Protein chains: 2
Amino acid sequence: MINVAVFGYGTVGSGTVEVLMDNGDIIENTVHDRINVKSILDLRDFPGDKYESRIVHDVDEIINDPEISIICETMGGTGAAYKFTRMALEAGKSVCTSNKEMVASHGAEMIALAKAHNCSYKFEASVGGGIPIIRPLETSLTADVILSVCGIVNGTTNYMLTKMEKENAEFADVLKKAQANGYAEADPTADIEGFDACRKIAILASLVYKKTVKYEDIPTEGIKNISARDIKYAGHLGRKIKLLARYESNNNIRYAMVAPFMLLPENPLYHVDDVFNAIKVTGNMLGDATFYGKGAGRLATASAVAGDVVECACNLGKSLTSDLSAETVSFDGFKKASRRFFVRVGAEVTAEAREALPVEEEVKVGFYDEFAFVTKEMTEGDFAVAKEKLGAGIINFIRLEDTSAI
Amino acid sequence: MINVAVFGYGTVGSGTVEVLMDNGDIIENTVHDRINVKSILDLRDFPGDKYESRIVHDVDEIINDPEISIICETMGGTGAAYKFTRMALEAGKSVCTSNKEMVASHGAEMIALAKAHNCSYKFEASVGGGIPIIRPLETSLTADVILSVCGIVNGTTNYMLTKMEKENAEFADVLKKAQANGYAEADPTADIEGFDACRKIAILASLVYKKTVKYEDIPTEGIKNISARDIKYAGHLGRKIKLLARYESNNNIRYAMVAPFMLLPENPLYHVDDVFNAIKVTGNMLGDATFYGKGAGRLATASAVAGDVVECACNLGKSLTSDLSAETVSFDGFKKASRRFFVRVGAEVTAEAREALPVEEEVKVGFYDEFAFVTKEMTEGDFAVAKEKLGAGIINFIRLEDTSAI
């Protein structure tokens with residue numbers, strides 16, 4: 001028997017217990033040994049819970065338990081989770097986590113610690129929930145130069161954008177609904193400001209680049225400024241607005257970014273609606289491969305944590321870790337990236353806008369108080385200068401994604 | 001330096017050489033050693049080819065070369081490829097292949113041979129071309145009971161169905177075009193009869209079930225009977241026709257099959273057009289994860305072969321093999337599978353059809369010489385009986401896929 005402990009009996013933690021216990025037979029079939037959730041660390045009690053008797057409140061009880069060889073860290077955050085993860089790895093216990101903040105902030109540190117103590121630090125669940133993306137990147141797409149990793153990695157914002165589009169609704173109304181039905185948190189900042197997506201693309205970019213990409217330096221825009229009007233314009237252009245998190249490395253320009261983009265139907269990400277996630281990876285030989293599925297959700301995410309547990313269980317006594325250095329890197333290519341922009345300005349600054357930006361195509365859907373257009377292809381740097389110049393005259397702008405993904 | 005040989009310098013073989021050599025730096029970055037294609041086995045000479053000097057005609061030259069530790073078998077078929085693969089594995093050389101016939105027919109045998117000689121037999125490229133599917137199934141989706149593997153795994157037929165739909169064209173015309181531009185072979189039997197898809201789903205089902213699924217026993221229908229009229233009916237029903245290869249295991253009914261289905265837009269496979277492939281895997285905890293990309297093509301497939309080479313190179317001296325027993329299995333659930341069918345009969349057998357089949361909905365698109373309808377949900381077994389009864393009265397039938405994939 002291989003004993004496992006779970007840190008944090010919340011949504012993903014309880015899901016992980018359920019997956020490991022309920023799917024015990026199929027897992028045993030692969031591991032050739034039984035996985036048992038021996039202890040669950042949580043500050044709370046869970047009277048009446050099926051696994052009530054396994055709840056412990058003191059982390060030392062688990063760290064000092066020589067029978068426990070694998071930890072599932074599903075606490076989230078970088079406070080206690082950071083401390084406990086270090087303790088576990090230092091005790092030679094492998095850690096499997098869904099905690100993206102931790103991986104984005106301290107991934108390389110934990111990997112080094114795992115190596116030093118001959119155990120593993122695995123985090124498939126930290127990006128894309130149940131969608132396998134980290135392991136394919138690390139073990140399948142290994143003969144390619146990765147030119148791009150571009151995805152919809154935040155289910156909450158994708159759900160909101162889909163609702164806005166389908167119901168012709170405004171951001172604030174959709175946010176309220178999303179909060180009411182549990183798709184958005186009471187404090188939705190991390191989702192709607194793009195911070196969550198930023199951490200996820202930082203993780204993926206780090207794995208591709210094999211150095212720690214500083215998420216703080218990734219240009220990140222959320223969806224707060226997207227209005228029903230923007231959705232209407234997008235529809236008129238035959239496009240949908242999606243919040244993309246992307247890492248691009250081509251023609252000597254390398255950058256990561258998070259921002260809303262207008263996509264065409266030829267792009268497989270166009271079809272990704274509601275809470276679903278999808279990540280498109282482009283290799284120089286492979287072309288595009290897209291991974292699509294439930295990016296969040298209790299059991300989908302837990303399935304990925306449990307998959308990591310299975311791999312650790314099959315490799316007890318070995319250190320399975322990503323090739324990721326603690327050396328940090330910030331990419332400098334963003335300003336040189338070139339694309340078209342959809343821009344809306346107040347009707348009164350039409351002339352200034354025409355002067356500041358290369359208008360390629362006017363877009364008219366019946367709002368006479370503003371002037372909307374698509375620019376010619378231009379660099380982010382040049383656009384930023386024009387945007388600065390136009391100041392509050394710009395009502396909103398959204399980037400166009402024109403490289404058909406397939 | 002790690003020396004590799006390639007068996008068969010055709011489309012995929014030459015692509016594999018290109019990937020391994022041109023991406024040498026990035027591969028070295030992962031393997032921490034240089035991969036070198038030392039020898040290429042082919043009966044032909046390639047005067048003027050960049051790697052002309054590495055061509056050898058005698059397999060023994062490679063088998064007896066102690067410097068060569070990994071073989072890429074890209075010959076195809078089960079003749080010489082079978083013999084040479086055995087020779088390589090018996091000599092302790094790992095084999096990475098794109099040869100689906102070989103894997104479907106002799107996969108377990110080769111795996112056992114690899115284990116016995118402490119080397120590896122890898123075949124990511126045998127299904128889905130460049131799309132990672134075998135490794136995710138084996139290493140990521142390991143905590144789930146796999147309920148379904150359902151995909152579009154043949155690019156030729158998907159290209160043809162897409163053309164028929166977009167150009168309102170007949171099968172024979174589209175086939176000719178596909179042959180002219182290289183998307184279909186001179187002898188298209190393996191593709192259009194579904195045999196290629198059948199071997200691929202046999203491989204995937206075998207990996208899930210961990211026993212060798214006999215591809216000969218998988219009910220397989222191709223797309224030869226699909227006509228422009230069928231496409232028109234499908235459009236009227238808001239559906240597209242796709243050739244699906246599927247393994248299903250749910251409610252104690254287990255089967256594999258290959259046949260055209262009518263899909264709704266809610267199914268991610270609906271959006272997979274042209275030569276693209278996609279495979280949707282459903283786990284009891286995960287839900288659906290879909291893998292999408294170029295299912296064929298020289299460099300995409302070569303990228304997958306090369307990815308296997310990278311894994312073998314990182315694990316020299318170890319045996320990496322799938323958990324797949326040579327024990328064969330044929331599933332018995334097909335007749336019990338339950339779904340709706342779209343059926344067209346000659347107008348003169350309308351009454352008989354109504355008697356033989358439970359008509360749920362008539363479908364009228366303006367062809368008055370026939371009677372077209374959708375049945376109520378019924379089992380494959382019951383449908384087969386009715387089909388037998390109606391005989392030549394049935395013009396065509398196509399199954400409906402109604403379980404929304406997401």
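What follows is a close look at strand S11 of chain B and its neighbours, and then at some other parts of the model.

Reply: This is a predicted model, in which local features need pLDDT of at least 70 and side-chain atom pairs count only at pLDDT 80 or more, while totals for chains, interfaces and linings use all residues. Residues are numbered from 1 along each chain as its sequence is written, and chains are lettered from A and ligands numbered from 1 in the order in which they are written.

The part in question is strand S11 of chain B, residues 276–283, where strands (E, at least two residues) and helices (H or I, at least four) are DSSP runs numbered from the N terminus. Eight of the eight residues of S11(B) are buried, so the strand is largely enclosed by the rest of the structure. Here a residue is buried if 20 or more other C-beta atoms lie within 10 Å of its own, exposed if 12 or fewer, and partly exposed in between, with C-beta atoms placed from the backbone. In a regular strand the side chains alternate between the two faces of the sheet. Both faces of S11(B) are covered, with B:Phe276, B:Ala278, B:Lys280 and B:Thr282 buried on one side, and B:Asn277, B:Ile279, B:Val281 and B:Gly283 buried on the other.

S11(B) is paired with strand S7 (residues 146–152) of chain B through six bridges, and these two strands run antiparallel; two strands count as paired if DSSP finds at least two bridges between them. Within this pairing B:Cys150 has B:Lys280 as its bridge partner. S11(B) also pairs with S12(B) in the antiparallel sense, over eight bridges, and a hairpin of three residues links S11(B) to S12(B).

Across the two chains, 42 residues of chain B are in contact with 41 residues of chain A, two residues being in contact if their C-beta atoms, placed from the backbone, lie within 7 Å. On chain B, the elements that each give two or more residues to this side are helix H2 (24–31), helix H6 (134–140), strand S11 (276–283), strand S12 (287–294) and helix H12 (298–314). The one that gives the most is H12(B), with nine residues. By class, the side of chain B that touches chain A holds 23 nonpolar, 13 polar and six charged residues, where Ala, Val, Leu, Ile, Met, Phe, Trp, Tyr, Cys and Pro count as nonpolar, Asp, Glu, Lys and Arg as charged, and the others, Gly among them, as polar.

Another part of chain B is built from helices. H7(B) (residues 155–167) and H8(B) (residues 171–180) pack at an angle of about 125°, with their axes 9 Å apart; axes are lines fitted to C-alpha atoms, for helices over the stretch in contact, and angles run from 0 to 180 degrees between N-to-C directions. That angle makes H7(B) oblique to H8(B), given that angles under 35 degrees count as roughly parallel, over 145 as roughly antiparallel, 65 to 115 as roughly perpendicular and the rest as oblique. The contact is made by B:Thr156, B:Tyr159, B:Met160, B:Lys163 and B:Met164 of H7(B), and by B:Phe171, B:Val174, B:Leu175, B:Lys177 and B:Ala178 of H8(B). These residues divide into seven nonpolar, one polar and two charged.

Chain B also has an open sheet of six strands in the order S3-S2-S1-S4-S5-S6, with parallel pairing. Strands S3 (55–56) and S6 (121–122) of chain B stand at its edges with a single partner strand each, so one side of each is left without a neighbour in the sheet. S3(B) pairs in the parallel sense with S2(B) (residues 35–41) over two bridges, and B:Leu41 stands opposite B:Val56 there.

In chain A, the loop between helix H7 (155–167) and helix H8 (171–180) contains A:Asn168, whose phi is near 50°, a positive value in a residue other than glycine. A:Asn168 counts as exposed, with 11 C-beta neighbours inside 10 Å.
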